[in-house]
Amino acid sequence: MTFPNFRRAHPNVAIVGATGAVGVELIQCLEARDFPVSRLKLLASPRSAGKRLPFRGGWLTVDALDDSSFDEIDLAFFSAGSGTSKTYAPRAVAAGAVVVDNSSAFRADPDCPLVVPEVNPETLAGHRGIVSVPNCTAIIASVPMAPLARAFGLERVQMSTYQAASGAGAAAMEELRASTEAFLAGRAFQPTVLPHPYAFNLFSHNAEVDVDNGYNGEELKVIAECRRLLGEPDLRIGVTCVRVPVLRAHSIALTLEFAQPVSPDAVREVLARAPGVRVVDDRAGNHFPMPCEAQGQGDVLAGRIRHDLSDPSGRSISMFLAGDQLLKGAALNAVQIAERLFSGGTGARSPAAALAVAS
Ligand code: A2P
């Protein structure tokens with residue numbers, strides 16, 4: 001079965017997980033980017049059936065996901081966890097839809113392209129109905145890494161992440177708000193979503209830890225997915241993932257070791273031309289990427305670009321990134337994939353500009 005394009009010029013679109021942190025952003029991205037939706041169907045768990053969400057100046061009612069949800073649907077975004085994707089994405093494909101899946105369910109499946117449009121758009125060709133949106137940290141890291149790897153040859157990556165609450169869903173964002181209020185009011189707070197106190201604290205990422213090698217699931221995803229995105233199955237990558245009390249933008253301290261000596265100016269030049277990247281690198285003003293400035297932006301902010309002084313060969317560059325986890329790390333990347341599927345478009349317009357125009 002091949003999926004050359006959607007059945008209609010204006011596809012019928014479904015969002016599974018429409019009430020979640022990413023789902024709400026998907027609705028807004030479709031509207032902001034003027035995606036040619038004919039009919040939008042919002043789906044969630046039975047808990048949310050009947051809830052209404054805004055779209056294009058009106059209100060849409062959320063339905064409970066079931067086996068008939070994909071009748072007449074051409075494009076289905078999934079953002080309701082990997083269990084829901086594993087069960088329902090194949091059913092959506094069988095009903096004739098193309099699925100763009102935000103969960104981890106199919107990311108390691110060679111039949112399902114794992115796509116960041118600025119990084120590996122060519123892998124979309126020949127998909128068999130399901131396209132995976134990568135892990136949010138892998139997306140935010142790979143957008144600036146890919147053009148640098150192409151320019152200078154990449155040999156080794158070291159990164160430490162500072163990950164926002166949104167990556168754990170709307171309930172985790174609410175727990176950050178509520179626990180911060182409780183902390184400031186001097187009240188006790190018992191976390192129920194995340195495993196540790198979140199207000200004025202940070203902790204090793206909440207994904208399950210492999211007790212043998214000490215890595216958590218998030219770190220292993222980042223390694224595997226960055227390798228796949230960059231087309232470098234053996235790339236040496238070390239990563240430490242940490243959850244920080246920020247609502248919705250991830251930051252990453254990144255050191256890249258290249259195949260040749262590289263100057264910070266040369267890196268800055270490549271990044272200044274790279275789609276989906278905005279250089280924020282004001283040394284004199286001590287102004288570099290921050291989550292509060294990445295929030296609401298489609299671009300990944302990149303700065304603090306400097307030589308890694310621990311590598312006397314001059315081949316290693318350190319930098320700092322910040323990107324909106326809900327936008328480029330999830331919803332925006334998914335809609336950009338759909339735009340490519342729909343029109344074969346180049347995605348050349350800046351995502352930040354496209355979002356700004358419509359807001
Ligand atoms: P609901 O709001 O009804 O629970 P988040 O990532 O922010 O936690 O959001 C998860 C999304 O996935 C929500 O929209 C949630 O719906 C939806 N969801 C969770 N479980 C299911 C399920 N079994 N079937 C359909 N949607 C689900």
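Across the interface of domain 1 and domain 2 in this predicted model, 2 salt bridges are found, a salt bridge being a side-chain nitrogen of Lys or Arg within 4 Å of a carboxyl oxygen of Asp or Glu. E25 forms a salt bridge with R248, with the closest N and O atoms 3.1 Å apart. The elements that give two or more residues to the side of domain 1 that touches domain 2 are α1, α8 and α9 (351-358), where helices (H or I, at least four residues) and strands (E, at least two) are DSSP runs numbered from the N terminus. The largest share of that side, 5 residues, is supplied by α8.

The protein chain is divided into domain 1 (12-133 + 328-353) and domain 2 (138-325), with bounds from an automatic or database domain assignment. Their centres, taken over C-alpha atoms, are separated by 24 Å, and 24 residues from domain 1 and 22 residues from domain 2 take part in the contact, that is, heavy atoms within 4.5 Å. About 1800 Å² is buried between the two domains, 59% of it on carbon and sulfur atoms; this is the accessible area (1.4 Å probe) that two parts lose on being put together, summed over both.

The largest nonpolar core has 83 residues, and L30, F77, M145, M159, V267 and M319 are those with the most contacts inside it. Such a core is a set of buried Ala, Val, Leu, Ile, Met, Phe, Trp, Tyr and Cys residues joined through side-chain atoms within 4.5 Å, buried meaning under 20% relative accessible area (1.4 Å probe, protein chains only). Helix α8 (residues 327-343) gives the most to this core, with 10 residues. Because domain 1 and domain 2 both give residues to this core, it lies between them. A second, separate core of 18 residues includes V16, V93, A105 and F106.

R33 is placed in the loop between α1 (21-32) and β2 (39-44) and counts as buried, at 4% relative accessibility. The side chains of R33 and E339 are joined by a polar contact of 2.8 Å.

Residues are numbered from 1 along each chain as its sequence is written, and side-chain values use heavy atoms, with hydrogens and water left out. Local features need pLDDT of at least 70 and side-chain atom pairs count only at pLDDT 80 or more, whereas totals for chains, interfaces and linings use all residues.

Definitions and conventions. Buried < 20%, exposed > 50% of the residue type's maximum accessible area, 1.4 Å probe, protein only. Polar contact = N/O pair within 3.5 Å; in protein donor to acceptor, adjacent residues only side chain to side chain.
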